[in-house]
There are 2 protein chains.
Amino acid sequence: MNPELISQLQQACGNDAVITDNAECWPYGIDNSRRQHAPDVVVMPQQHEQVQAVVAVCFRHRVPLVCRGRGTGTAGAAVPLQGGVVLSTERMNRILRMDPVNRLAVVQPGVTNQEVQDAARRHGLFWAPDPTSAEVCTVGGNLACNAAGPLAVKYGTTRDNVLGLRAVTGDGSSLRTGVFTSKGVVGYDLTRLIIGSEGTLAVITEATLRLLPLPEARQTLRAVYHDIASATEAIVSVMALPDSPCVLEFIDGKAIELANRHTDLGLPAAAGAMLMLEVDGNRDSISVAATRVQQAASNGGLLELRVAQDDAEAKQLWRARKALSPALRHIAPKKINEDVVVPVGHLPELINGLEKLSKQYNITIVNFGHAGNGNIHVNLLVDPDDAQQMTGARQCLADVFALVLQLEGTLSGEHGIGSEKKDYVGLELDTTSLELMRRIKQQFDPAGILNPGKLFPE
Amino acid sequence: MNPELISQLQQACGNDAVITDNAECWPYGIDNSRRQHAPDVVVMPQQHEQVQAVVAVCFRHRVPLVCRGRGTGTAGAAVPLQGGVVLSTERMNRILRMDPVNRLAVVQPGVTNQEVQDAARRHGLFWAPDPTSAEVCTVGGNLACNAAGPLAVKYGTTRDNVLGLRAVTGDGSSLRTGVFTSKGVVGYDLTRLIIGSEGTLAVITEATLRLLPLPEARQTLRAVYHDIASATEAIVSVMALPDSPCVLEFIDGKAIELANRHTDLGLPAAAGAMLMLEVDGNRDSISVAATRVQQAASNGGLLELRVAQDDAEAKQLWRARKALSPALRHIAPKKINEDVVVPVGHLPELINGLEKLSKQYNITIVNFGHAGNGNIHVNLLVDPDDAQQMTGARQCLADVFALVLQLEGTLSGEHGIGSEKKDYVGLELDTTSLELMRRIKQQFDPAGILNPGKLFPE
């Protein structure tokens, strides 16, 4: 790596903020996709002006710049495939402002999701995005991938819960987007354009997060169904209620079987699908809301419905869902995990189609996910080291994606494209859209240094 | 106008779909901004392919193309300032699909907001955007301006309630953006980029609208306060409730005085501010919600709080608010109406600042609006034909905008920029953002034919 570049980065951020040692650089080259490529340099700025200087240096030297939070992403977006500079946000970890009256927080990108939740909670507020990795993942990563979790069914995704950004484009220009208000129509919506762009348009240095009042009460329900059709019928009925549940998670029969096998859960043996539901709201109307959901979730295929009477029972009901991940990790540690989405009414066709593909390719497929959004995590239990199995798995995956698109779905609900899915993007997006996206990228990043090789098909 | 262009438009859409007669073209050159400029031709396509052909013709001839719904916009976005072709969406008035299970509707842009509501209501659903002009305004106009109304405080604006678009860019290319699902992270968010772009990026030919379940019940409350500070305190308390009210409208003391003077409303004489509140939800918990709001709205400055016991009383409570517009029209038929936004907690500073400006410039200023969003309609009661008064009014307006920006607000919450506010945009947006927006426009509209002269400062 060019020593001049190193020295300029050191000038920008201080000597102790630049890592060049190969062994020390290595951990900055992986993420949860299990792809790896070490960067040549790691730089750890503390504030906007330093980021601006770093980008300017990379722009001058035409060196790739990849931003990185905690590497919890599963699509490989944070892996510096072409080497170059990794900008770690680990020192940009300050909550700059907490404004409970206006229900907003201004934070640096390296703050973790959990830190935001903790700070907001002290004022009776929360930030809606709740990815499973919330305890460790950063707000910057949430913004880059438009992250979401179970609560999205009621409260939306990251894109729906950010008011504005401060950022640096690929030529080192500084900008502020958005507003500090819950409404605003001045100019194009650059905020939502940058959110979900996986670090290919700009480096986010500050974000104004929209906070919501914490519900006073929450109630948990678990419904077990004979078959997937009954579960889907229940999902559609629940989603037709005026008050959305705050959680509506789905687990298919194969997943129940696995969880049952690895843990003593006592779930009905005939279970073909299970829903985990939560409602939230005022203390004095929560039981009404729970009753409504209970009624909507009840149909001819219902085998068992339990309503948690207290926190302990809620925890107990969640056990079956929580047992799933360890069980899966045990059986297929390197399984392929996709996160496709279809309109809720097409869930039975999706699940039935996946069952057919499972038989056709002789691959166990386990499905669970955020049913209220039609967002299903499709798990192909394969061993990536088995070349023959992987050939089948790749073909199976292509068929899964084709099925999803045929059902008016989308290839990713929350994991993003990164390098994992970029070759499939052209199946979903038309040529005009792709060409416009490429050209938009060129305006933000004229030298093509921001996270090159990601998001777009070759 | 070039006869070849006329004949090509006729070929594209049929002879009866093209208007060239000056007198007939004239009504297509006005909107609610009261600006006027007649187009040279009006074309009325019926479907996507015809729109594509129309844009291609305009692109070849390098002729301005301005899209038009019903002309209810107040910022002049639909006025063809440079003449050319007006594309009226009046024949693109079909609801192409109503999908209650997946809670979406696919509509052409010329469908009115009310037609969508009526069709959705038959399935127990509604579309959240509710501008005052809902009965006549089109979905296309709602999309172009990112329209909103009172319900935005709970359900968001147009941008929050659209899943995807079909559109034609300025060189006649066709694209589909977005998804049919409530989640999706494949590629950049072109849907929200096009929404609110006031016809400067693409012509929208179809929109997939996100529908929501109709609440079963609604309850109306009216609270009158001694002063603006008490009303603001109430707004902040109400917005801190876990369940947002679905309406939270504000009227200032001057507005109450006017409404009182023109109609016998019997409002307390000492009233310094008034809030109209509505809660919605389940039939069996609505009274709990209303009680919560009532408690939150009560403070030392409260003079009177009434809860409607039935529809008739709700209508009666709304009378004071509804009396306001006719009263204002009577006093100042050509008043200047702005729609600025500030964070809710800064409302007292805004209203106090406006009072000072009112005295300084000797101009009556009346304020009301969507308080839950901090979105205030600032009405300067002036006569545009009085040149001297208008000089003061323009200076006053500049001071209003400066005040709003100083309070971390934005210049428009729902009316948009059009030609009315474009000279002020540079006060809010930084040069990098503006430059990026211009360059994004160039990618969508390389010949600059789509609604030229709008949105961007000269």
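This is a predicted model: local features need pLDDT of at least 70, side-chain atom pairs count only at pLDDT 80 or more; totals for chains, interfaces and linings use all residues.

Residues are numbered from 1 along each chain as its sequence is written, chains are lettered from A and ligands numbered from 1 in the order in which they are written, and side-chain values use heavy atoms, with hydrogens and water left out.

**Stop 1: where the chains meet**

Color chain A and chain B separately. Here 87 residues of chain A are in contact with 86 residues of chain B (contact means heavy atoms within 4.5 Å). About 7000 Å² is buried between the two chains, and carbon and sulfur atoms give 58% of that. Buried area is the accessible area, taken with a 1.4 Å probe, that two parts lose on being put together, summed over both. Now select A:Lys183, A:Val185 and A:Tyr188: in chain A, these lose the most area to chain B, together 14% of what that side buries.

How many salt bridges does the rule find across this interface? There are ten, where a salt bridge is a side-chain nitrogen of Lys or Arg within 4 Å of a carboxyl oxygen of Asp or Glu. To see a salt bridge that joins the chains, show the side chains of A:Arg97 and B:Glu408, with N to O at 2.7 Å.

Next, pick out helix 15 of chain A, which gives nine residues, the largest share of the side of chain A that touches chain B. Helices (H or I, at least four residues) and strands (E, at least two) are DSSP runs, numbered from the N terminus.

**Stop 2: a loop residue in chain B**

Go to B:Asp189, in the loop between strand 9 (174–178) and helix 7 (190–194) of chain B. Is B:Asp189 buried or exposed? With a relative accessible area of 5%, B:Asp189 is buried. For these labels, buried means under 20% relative accessible area, exposed over 50%, and partly exposed in between, using a 1.4 Å probe and protein chains only. Its side chain reaches the backbone nitrogen of B:Thr191 at 3.3 Å. Leaving out residues up to four places away in sequence, B:Asp189 touches A:Arg159, A:Arg192 and A:Leu193.

**Stop 3: strands side by side**

Staying in chain B, select strand 12 (residues 217–225), where eight of the nine residues are buried. Strand 12 runs antiparallel to strand 14 (residues 273–281) of chain B, and nine bridges join them. Two strands pair if DSSP finds at least two bridges between them. Zoom in on B:Val224 and you'll find its bridge partner, B:Met274, in strand 14 of chain B.

Strand 15 (residues 302–307) of chain B is also antiparallel to strand 12, with five bridges. In strand 15, B:Arg306 stands opposite B:Arg222. Then show B:Arg218 and B:Glu278, whose side chains meet in a salt bridge (2.4 Å, N to O). This pair links strand 12 and strand 14 of chain B, 60 residues apart.

**Stop 4: a helix in chain A**

Switch to helix 9 (residues 253–262) of chain A, where A:Gly253, A:Ala255, A:Ile256, A:Leu258 and A:Ala259 are buried. What covers the buried residues of this helix? The cover includes strand 13 (247–252), strand 14 (273–281), helix 11 (311–331) and strand 17 (365–370) of chain A. At the start of helix 9, a side-chain oxygen of A:Asp252 reaches to within 3.3 Å of the backbone nitrogen of A:Lys254.

**Stop 5: charged pairs in chain A**

Show A:Lys154 and A:Asp280, a salt bridge with its closest N and O atoms 2.7 Å apart. A:Lys154 is in helix 6 (residues 152–155) and A:Asp280 in strand 14 of chain A, 126 residues apart. A:Lys154 is partly exposed at 28% relative accessible area, while A:Asp280 is buried at 9%.

Finally, select A:Glu49, A:Arg166 and A:Glu206, which are linked in a network of salt bridges.

Technical notes. A polar contact is a pair of N or O atoms within 3.5 Å; within protein, one must be able to donate a hydrogen and the other to accept it, and residues adjacent in sequence count only if both atoms are side-chain atoms.
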